[in-house]
Amino acid sequence: MNDKTKTLVLVSCIFILGFLLNFFWETLHGAFLYVPQWANEKEYITLIFRASLGDAMYLLIMYAIGAAMFKDFLWITDFTLKKVSLTIVLGIITALFIEYKGVYVLGKWAYADAMPTIFGFGVSPLLELAV
């Protein structure tokens, strides 16, 4: 397999796996840790689907940042402590941006009382992209 094919497969896997894992995570915590802003199950699933697509796109952006920093588009195939640390830090920074914009700027969602917070940000969404 040449490098272009490897890259395409890797990027596709990151997007698909990222979407599926985020869909699962969003579904689990969305129903319990956010104030409901949906009228029925169809609206809820649509909301979760769109959020998961967005999260998968953010994962690709995070991956591209890693590729630029390590000057290697296949950087994830050889994980080191430095690379894991970068992934976690980028995930938390990205989640802070998303949550700040969604909760405090646009008011798109709000945390339920059950959501543990740190400095006004939900812990579950902060962990989501880092994990």
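Predicted model: local features only at pLDDT ≥ 70, side-chain atom pairs only at ≥ 80, totals over all residues.
User: Why are Phe19 and Phe23 separated by about one helical turn?

Analyst: Both residues belong to helix 1, which covers residues 3–33. They are about one turn apart because their spacing in that helix is four residues.

User: Is Phe19 buried or exposed?

Analyst: The cut-off for buried is under 20% relative accessible area. Phe19 has 15%, so this residue is buried.

User: What is the angle between the planes of Trp75 and Phe79?

Analyst: These two rings pair at 6.1 Å centre to centre. Planes over 60 degrees apart count as edge-to-face. The Trp75 and Phe79 pair is edge-to-face, at 85°.

User: What is the relative accessibility of Trp75, and what is that of Phe79?

Analyst: Trp75 counts as buried, at 3%. Phe79 counts as partly exposed, and its value is 43%.

User: Which residue lies over the face of Phe70?

Analyst: A charge sits at 5.5 Å from its ring centre, over the face. That residue is Lys83.

User: Which side chain of opposite charge is nearest to Asp55?

Analyst: Asp55 sits in helix 2, residues 41–70. Asp55 is buried and has no salt bridge. A salt bridge would need a nitrogen within 4 Å of a carboxyl oxygen. The nearest opposite charge is 9.8 Å away, on Lys101.

User: Which residues is Asp55 in contact with, leaving aside neighbours within four places in sequence?

Analyst: Contact here means heavy atoms within 4.5 Å. With those neighbours set aside, the list for Asp55 is Asn22, Glu26, Ile98, Glu128 and Leu129.

User: What is phi of Lys71 near?

Analyst: Lys71 is in the loop between helix 2 and helix 3 (81–105). Lys71 is exposed, at 75% relative accessibility. Its phi is positive although the residue is not glycine, near 50°.

User: What is phi of Phe119 near?

Analyst: Phe119 lies in the loop between strand 1 (117–118) and strand 2 (121–122). Phe119 is exposed, with 78% relative accessible area. Phi is again positive in a residue other than glycine, near 55°.

Note on methods: Residues numbered from 1 in each chain as written. Heavy atoms only, no water. Helix = DSSP H or I, 4+ residues; strand = E, 2+ residues; numbered from the N terminus. Buried < 20%, exposed > 50% of the residue type's maximum accessible area, 1.4 Å probe, protein only. Lys, Arg positive; Asp, Glu negative; His and termini not counted. Phe/Tyr/Trp six-rings, centres within 6.5 Å; stacked < 30°, edge-to-face > 60°. Lys NZ or Arg CZ within 6 Å of the ring centre and 35° of its normal.
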